[in-house]
Structures are given as structure tokens and as C-alpha cells.
Amino acid sequence: MSVRFGVFVPQGWKMDLVEIADPVEQYEAMTEVARVADAGPWDAIWLYDHFHTVPEPTLNSVFECWTATSTLARDTSRVRIGQMVGCNGYRQPSLYAKIASTVDVASHGRLIAGLGAGWYEHEWKAYGYEWKDVPQRMSEFREAVEIVHKMWTEDRPAFRGKHYSIDEPINQPRRKPDFWLGGGGEKVTLKLVAQYADGCNVGGGDPEVVRHKLGVLREHCDRLGRDYAAITKSTTIELDLTESTADTIARVERVAEAGADYVIFYVPRVAYDHAPLLRLAEELVPQFR
């Protein structure tokens with residue numbers, strides 16, 4: 001079975017830079033992981049779109065997603081750069097599309113632009129964004145995806161919806177990066193994947209959830225006439241630093257058998273120790289080529 005692999009860089013969100021005091025050195029630690037991945041067999045490096053740490057907001061660094069994406073695009077030469085995923089509520093969708101087009105040029109076409117409805121309530125409120133219930137966030141997300149797609153595929157797109165509107169904005173250079181949607185919502189998100197996306201992220205590494213969500217996606221594709229095989233199906237696995245490579249391989253095999261053809265690893269403590277990342281590159285990735 002063929003599987004491609006990505007890896008999250010340490011961005012601060014998961015308290016993964018707190019042992020480094022200087023923010024400049026923290027940023028360089030993130031960049032160094034990106035460079036190690038760039039020199040290895042990884043398909044892409046990935047970032048989260050968050051402002052505060054988890055599981056609790058603390059006074060620790062979290063580097064902003066699009067700023068970091070653009071700098072990492074210039075600090076690497078081969079690996080793709082993606083977000084898992086951008087929060088729709090943090091940027092008006094036409095601006096999101098413009099930012100992504102710019103970064104795709106800066107990366108020489110290596111951008112994977114991710115988008116989701118968002119969920120971190122504390123963060124929204126702290127930064128002054130109006131927190132909305134799930135139906136409204138999903139309704140806005142649906143309109144945003146359509147606008148972003150139009151901005152990347154039409155010269156003078158127009159859209160007037162309940163939440164957003166655009167009036168023939170010019171998005172030059174008009175670039176369409178790979179567009180991935182995150183989330184497993186069966187009525188809205190997975191249908192939008194079938195309509196507009198090049199990739200999706202589902203299941204959180206749980207094979208049964210992956211299997212179920214991808215079954216729903218396939219049904220949407222069948223109804224809409226979309227080629228299911230043309231969509232990259234990803235899931236995320238957090239590496240257990242105590243497990244053997246054979247155990248990790250078995251975890252990947254289970255999600256691959258469930259339908260995932262792309263795995264994004266989160267590697268704890270990679271800012272301080274590259275050895276687990278190098279071990280995965282040597283011992284695991286070649287097993288799935």
C-alpha cells in the first residue's frame with residue numbers, strides 16, 4: 001500500500017517550544033525541523049492555525065500560521081507546506097484566498113492551503129472574534145469555501161450570500177494551490193470536500209472513524225460525480241515516543257487499510273531532539289512507497 005507522509009513542525013501551540021527561552025531561538029528550532037524534513041523523504045511540513053496554547057491558554061509563544069508558512073516556504077526548497085487547517089473565522093475568505101495565492105508563488109507552487117470552520121472558543125473570544133454556534137459557523141464555512149474556489153478559478157468572481165459577498169475582486173497572480181478541508185462533518189464538510197477540495201483530513205488516527213468518514217465522502221462523490229480517487233485522504237497520528245517502529249508501522253497500516261493514503265505525524269519534543277523524526281524517515285516511510 002502506498003502512503004505519503006507529512007510532519008508538523010513545533011509551532012508552540014502544543015507547548016512544544018517551552019523549554020527554549022528566547023522567541024528567536026524558538027523560531028529557529030521550528031525552522032530547523034522544517035529543514036530536516038526538507039532533506040528527508042517527507043511530502044510536506046504542516047502547521048496549526050491557532051493563537052493560544054492547548055490544553056490551556058498560557059503565556060507561551062505560538063507562532064501565527066500564515067506568517068510561519070511564508071517564511072518556511074523560503075527556508076525550504078523541496079517539501080510542501082500546509083496548514084491543518086486554517087480557521088475560517090480568523091480571515092475573511094477573499095483575503096484568505098489572496099494570502100494563499102501569494103504564498104503559493106513564494107513557495108514556487110508548494111503550498112497546501114487548508115481550511116476549516118474553527119473550534120477553539122476561548123481563542124476566538126480572546127482575539128475579539130464573535131463566537132457563533134455550530135450551524136452558523138458551518139453556514140459561513142460553506143460560503144467561504146465557494147468564495148475561495150472562485151477567487152482561485154475565476155478572473156472576476158462574484159458572490160452574494162447570507163454571510164459573505166464579493167464584487168469582482170481581482171486576485172492576481174491568480175493561483176490555485178492544493179486545497180484541503182479539515183473536519184469530519186458528514187452533511188457539510190465532507191460534501192464540500194467532494195465538491196471543491198483536493199484533500200481532506202479525518203479521523204484523528206482512529207481507523208474505524210477514518211473508515212466511516214471516508215465511506216460518507218465516497219457517497220458524496222458518487223452523488224456529485226466526483227472522482228473519489230482524485231482526493232487525498234489524510235489522517236493525523238501523534239507519535240508515541242515509547243513505542244517501537246514496528247508498532248508505529250502497524251498503526252499506519254491500520255489507517256491505510258481504512259482508506260487513508262496520507263498520514264501527518266505529530267512528533268513530541270521534536271524541537272529538542274530530531275532523532276525520532278530521522279528514525280521515521282529511515283525505518284517507516286520507505287515501507288509504504
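Because the model is predicted, local features need pLDDT of at least 70 and side-chain atom pairs count only at pLDDT 80 or more, while totals for chains, interfaces and linings use all residues.

Start by selecting residues 93-106, helix H3. (Helices are DSSP runs of H or I, at least four residues, and strands are runs of E, at least two, numbered from the N terminus.) From first C-alpha to last, H3's 14 residues reach 20 Å, close to the 20 Å expected at 1.5 Å a residue; that expected span is 1.5 Å times one less than the number of residues.

Now show the side chains of H3. Which ones are buried? Among them are Tyr-96, Ala-100, Val-103 and Asp-104, where buried means under 20% relative accessible area, exposed over 50% and partly exposed in between (1.4 Å probe, protein chains only). The buried residues of H3 pack against elements including helix H2 (65-75) and helix H5 (134-153).

Step past the end of H3 to His-108, which has a positive phi near 60°.

Next, go to Pro-55, in the loop between strand S2 (44-47) and H2. The Val-54 to Pro-55 peptide bond is cis, with omega near 5°.

Last stop: Arg-269, in the loop between strand S11 (262-266) and helix H9 (275-284). Arg-269 is not a glycine, yet its phi is positive, about 65°. Its relative accessibility is 40%, so Arg-269 counts as partly exposed.

Definitions and conventions. Residues are numbered from 1 along each chain as its sequence is written. Side-chain values use heavy atoms; hydrogens and water are left out. Contact means heavy atoms within 4.5 Å.
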